[in-house]
Amino acid sequence: MNEKITLRAIEPEDVDFMFECEYDDSAWKWSDYTAPFSRQQLLEYALNYDANPFASRQLRLIAQTQSGMRIGIVDLFDISARDRKAYAGLTIFPDFRGNGYGKGALETLKKIAFHRLGLRKLVAVTATTNIPAQKLFKKGGFEEIAVLPAWHTIDGEDHDFSLLVCTGNGCECECKESCQSES
């Protein structure tokens, strides 16, 4: 991938795209959601978007190429201003996977988290069997600190999940020196 990935706020015209992401079967089964979102709920979210991630405790962004092609959604959630940490989530549409877009989106999300928001820790929780996600986060400076046994049940079968953490010291973004000095 030669094209830079940008992250931008959600707009009302993104509702259909968000709906498609929410209903991606390859990602849905691994989420903690027990019921799907309706288009109306997603529209209300877009219309009532809170640009203060510390007040809303979340930041959901559209990942797109420089040419404006939407490729996925990234988010920070359970943001804690006191502990300066957040959980990181990333969904790239299946057609765009394997092209480095996830790496670009994660790097940009880390810059926002560490530099703009002043966070010190990002946490990711992913299935141990989700090898692409495991590789993405580990190459992106996340370290596996625990395996959570039988963490998620899908179709009656238990699955182990990895708990991965990235600090400014583990930042691999282009501005690595400033990440490390700010931690």
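Select G118 to begin the tour: leaving aside residues up to four places away in sequence, G118 touches R84 and A113, where contact means heavy atoms within 4.5 Å. The model on your screen is predicted, so that local features need pLDDT of at least 70 and side-chain atom pairs count only at pLDDT 80 or more, while totals for chains, interfaces and linings use all residues. Residues are numbered from 1 along each chain as its sequence is written, and side-chain values use heavy atoms, with hydrogens and water left out.

Staying with G118, you will find this residue in the loop between helix 5 (101-116) and strand 5 (121-127); helices (H or I, at least four residues) and strands (E, at least two) are DSSP runs, numbered from the N terminus. G118 counts as partly exposed because its relative accessibility is 22%, given that buried means under 20% relative accessible area, exposed over 50%, and partly exposed in between (1.4 Å probe, protein chains only).

Next, move to Q134 in helix 6 (residues 131-139). Q134 counts as buried because its relative accessibility is 7%. Show its surroundings and, again not counting residues up to four places away in sequence, you will see that Q134 touches T126, A127, T128, E144, S162 and L164.

Finally, select E157, which is found in strand 7 (residues 157-167). With a relative accessible area of 48%, E157 is partly exposed.
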